[in-house]
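Please look over the sequence and the structure below before reading on. The notes after them are grouped by topic.

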Amino acid sequence: MTSKDNAPTTYRILIGKPGLDGHDRGAKVIARALRDAGFEVIYSGLHQTPEALVQTAIQEDVDGIGLSILSGAHNTLMPDVVRLLAERDADDIFVFGGGIIPDGDIPALEEAGVRAIFTPGTPTTEVIDFVQRTCDEKYGRDQG
Amino acid sequence: MRSIDDLDKRILSGDVRAAARLMRLIDDRAQRARTFLSALQPHTGSAYILGVTGNPGSGKSTLVNQLIHQFRARDQTVACIAVDPTSPFSGGAILGDRVRMQDHAGDDGVFIRSVATRGHLGGLSRSTPAMVQVMDAMGYDVVIVETVGVGQDEIEIVRLADTSLVVLVPGLGDDIQAEKAGLMEIADVFVLNKSDLPGSDRLKREVQTMLSLYRATDGDDPLPAIVQTSATGKQGLDELVAAIDDHRLALETNRPTSVRNRNRCAHLIRAIARTELDILFDQKATSKRFDDLVDDVEKGKIDPYTAAEKLTRWLTE
């Protein structure tokens, strides 16, 4: 299909693992679920800095970044990614997150610009619905 | 994101965000990509294009990661297009080649772009040739194109690259595999990766035997070099770079830049035309008229060959 407007034919999402934790089962499950829902998913691999993830997001022209953090460093790393995107004139790339995140931390993360936080036990369909909806809104598409 | 009206100017000034956006327009076959590509065309032709192909799991991405180190150590800037397969069922893809190239995150002299095949066969995406043009216009010294993990016949890379590396690993077959057509014929350099595994020396003998037979009849091109490497163990990389340099030198002696540019132009025209044809074909082959044609064949009114002839004629209407 040829796209005539500015909206892409396929949405692209970066799944990133910032920081020191080495557990990427959750990140891989989400990457796989997004793939099966028709997204092109770039997986960063482990131990990325926020700077590296933002650079990757820009080179890959993704619509959004999903950050998986199980180390407890989410209060620093997630807002860092949001801030660096803004500094690179790329704040149209939305950020969402998942992992071991205490409920009490979520309001502050959302305040810092993280669009959604998914904690353990979230069905993958919920994550996909969020990503699909957020991408559609970004390009002013009606929700089907 | 700002307006995209001046993408070409921003790309020429080195703006990675703009280049990344144009690559996506190309991948999406957006009409707008065309104008920008035309504007970039005069600025292309100076990048050295290195193709890396081979079986899935042969270590292509890890090898590319090491090659980027080698080129960066010589102060060359490097762009890389890494192709991974698209799911035929969902249309989605997991693009994971970057995982092996993390060493270069944060280096502004390296631009890596992951691309999905989106149903295209041949080892590349339809968009790859035009994406190479964008990276070339940005002034990258070397553009590395890593194909999907290929079988025997996905050899489109050879039309695009100045130098093609074919990455082989031990244990995938006996010497008759080495005699087969396709992949084994396109190498400018054979890279025998994972040479720390048993069987690497035997693989080397098999490739040598194969080369001694059929390349004897070939023209001016030098025999492909054979280099044993271990990309994870960082073995054989200096030899590999030397072999790549030798091929480049031979190429520049035997085939002047003008000839190579001409070949590349020809390939680009074919790739663009084929994409246009694909789009047109998809339209025609899903039309109401096409349904009627299927009805006719189903009912035995006409045979499939006549029907296909009609479909082909619609393409030029």
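This is a predicted model: local features need pLDDT of at least 70, side-chain atom pairs count only at pLDDT 80 or more; totals for chains, interfaces and linings use all residues.

In it, helix 2 of chain A, residues 50-60, is mostly covered. Chain A and chain B touch through 38 residues of chain A and 37 residues of chain B.

**Helix 2 of chain A**

- Ten of the eleven residues in helix 2 of chain A are buried.
- Among these buried residues are P50(A), A52(A), L53(A), V54(A) and E60(A).
- Within chain A, the buried residues of the helix pack against strand 1 (12-16), strand 2 (40-43), strand 3 (64-69) and helix 3 (74-87).
- From chain B, helix 2 (16-27) and strand 4 (110-116) also pack against these buried residues.
- After helix 2 of chain A comes D61(A), which has a positive phi, near 50°.

**Where chain A meets chain B**

- About 3,000 Å² of area is buried between the two chains, and carbon and sulfur atoms give 41% of that area.
- Seven salt bridges are counted between chain B and chain A.
- E60(A), one of the buried residues of helix 2 of chain A, forms a salt bridge with R113(B). The closest N and O atoms of E60(A) and R113(B) are 3.8 Å apart.
- Between chain B and chain A, 27 residue pairs are in polar contact, with both residues at pLDDT 80 or more.
- On the side of chain B that touches chain A, at least two residues come from each of helix 2, strand 3 (93-95) and strand 4 of chain B.
- The residues on that side of chain B comprise 15 nonpolar, nine polar and 13 charged.

**Strand pairing across the chains**

- Strand 2 of chain A pairs with strand 3 of chain B in the parallel sense, over three bridges.
- E40(A) stands opposite A93(B), which is in strand 3 of chain B.

- S44(A) is found in the loop between strand 2 and helix 2 of chain A.
- Is S44(A) buried or exposed? S44(A) counts as buried because its relative accessibility is 4%, and buried means under 20%.
- Leaving aside neighbours within four places in sequence, S44(A) is in contact with L14(A), I15(A), G16(A), K17(A) and L53(A) in chain A, and with V99(B) and Q102(B) in chain B.
- L53(A), one of the residues in contact with S44(A), is also among the buried residues of helix 2 of chain A.

Definitions and conventions. Residues are numbered from 1 along each chain as its sequence is written. Chains are lettered from A and ligands numbered from 1 in the order in which they are written. Side-chain values use heavy atoms; hydrogens and water are left out. Buried means under 20% relative accessible area, exposed over 50%, partly exposed in between (1.4 Å probe, protein chains only). Helices (H or I, at least four residues) and strands (E, at least two) are DSSP runs, numbered from the N terminus. Contact means heavy atoms within 4.5 Å. Buried area is the accessible area (1.4 Å probe) that two parts lose on being put together, summed over both. A salt bridge is a side-chain nitrogen of Lys or Arg within 4 Å of a carboxyl oxygen of Asp or Glu. A polar contact is a pair of N or O atoms within 3.5 Å; within protein, one must be able to donate a hydrogen and the other to accept it, and residues adjacent in sequence count only if both atoms are side-chain atoms. Ala, Val, Leu, Ile, Met, Phe, Trp, Tyr, Cys and Pro count as nonpolar, Asp, Glu, Lys and Arg as charged, and the others, Gly among them, as polar. Two strands pair if DSSP finds at least two bridges between them.
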